[in-house]
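User: I have a chain here that I would like to go through point by point. Please answer each question briefly and end on the value or name I ask for.

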Amino acid sequence: MFGPEAPYECGGDVKDVVFPCGQTIGADGDTIHLYYGAGDSCVALATGSIRCLLSWLDSNSSPARVSAT
């Protein structure tokens, strides 16, 4: 579903690896700019909506399990 897709993300010393490097928030307070390493050879930028991200997490997360010890 999610993962390396572009040719520059799928190559490199370790194939099919991407990793976050940092993030900034846009002036609107909702846009996230996520900088990530791709294929051991470049840094790329993904953008998205913080509200959409939080909504997705709410819909796709399960409650944390707390140990009773």
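User: What percentage of the 69 residues in the protein chain is buried?

Analyst: This is a predicted model, in which local features need pLDDT of at least 70 and side-chain atom pairs count only at pLDDT 80 or more, while totals for chains, interfaces and linings use all residues. Residues are numbered from 1 along each chain as its sequence is written, and side-chain values use heavy atoms, with hydrogens and water left out. A residue is buried under 20% relative accessible area, exposed over 50% and partly exposed in between (1.4 Å probe, protein chains only). Of the 69 residues in the protein chain, the buried share is 13%.

User: In what order do the three strands stand in the open sheet?

Analyst: Two strands count as paired if DSSP finds at least two bridges between them. β1 and β2 run antiparallel and are joined by seven bridges, and β2 pairs with strand β3 (residues 42–49) in the antiparallel sense over eight bridges. The three strands form an open sheet in the order β1-β2-β3.

User: Which residue in the turn between β2 and β3 has a positive phi?

Analyst: In the hairpin of β1 and β2, which has five residues between the strands, Gly-29 takes a positive phi near 80 degrees. The hairpin of β2 and β3 has three residues between its strands. The residue in that turn with a positive phi, about 55 degrees, is Gly-39.

User: Which residue of β2 is the bridge partner of Pro-20?

Analyst: Phe-19 has Gly-37 as its bridge partner in β2, and Leu-34 stands opposite Ala-46 in β3. For Pro-20, the bridge partner in β2 is Tyr-36.

User: Is Tyr-36 buried or exposed?

Analyst: Tyr-36 lies in strand β2. Contact means heavy atoms within 4.5 Å. Leaving aside neighbours within four places in sequence, Tyr-36 is in contact with residues including Tyr-8, Glu-9, Val-18, Cys-21, Val-43 and Leu-45. Its relative accessible area is 12%, so Tyr-36 counts as buried.

User: What is the relative accessible area of Glu-9?

Analyst: Glu-9 sits in helix α1 (residues 7–10). Not counting residues up to four places away in sequence, Glu-9 touches several residues, among them Pro-4, Val-17, Tyr-36 and Gly-39. Glu-9 is buried, with a relative accessible area of 9%.

User: Which residue forms a salt bridge with Asp-30?

Analyst: A salt bridge is a side-chain nitrogen of Lys or Arg within 4 Å of a carboxyl oxygen of Asp or Glu, and by this rule the count comes to one. The pair ties together parts 21 residues apart in sequence, because Asp-30 lies in the loop between β1 (18–25) and β2 (31–38) and its partner in helix α2 (residues 50–60). With the closest N and O atoms 3.6 Å apart, the partner of Asp-30 is Arg-51.

User: At about what angle does α2 run to β3?

Analyst: α2 lies across β1, β2 and β3. Its angle to β3 is about 80 degrees.

User: How far from Cys-42 is the nearest cysteine sulfur?

Analyst: A disulfide is a pair of cysteine sulfur atoms within 2.5 Å, and the count of disulfides by this rule is zero. Cys-42 is in no disulfide, and the nearest cysteine sulfur belongs to Cys-21, at a distance of 9.8 Å.

Conventions: Helix = DSSP H or I, 4+ residues; strand = E, 2+ residues; numbered from the N terminus. Axes fitted to C-alpha atoms, helices over the stretch in contact; angles between N-to-C directions.
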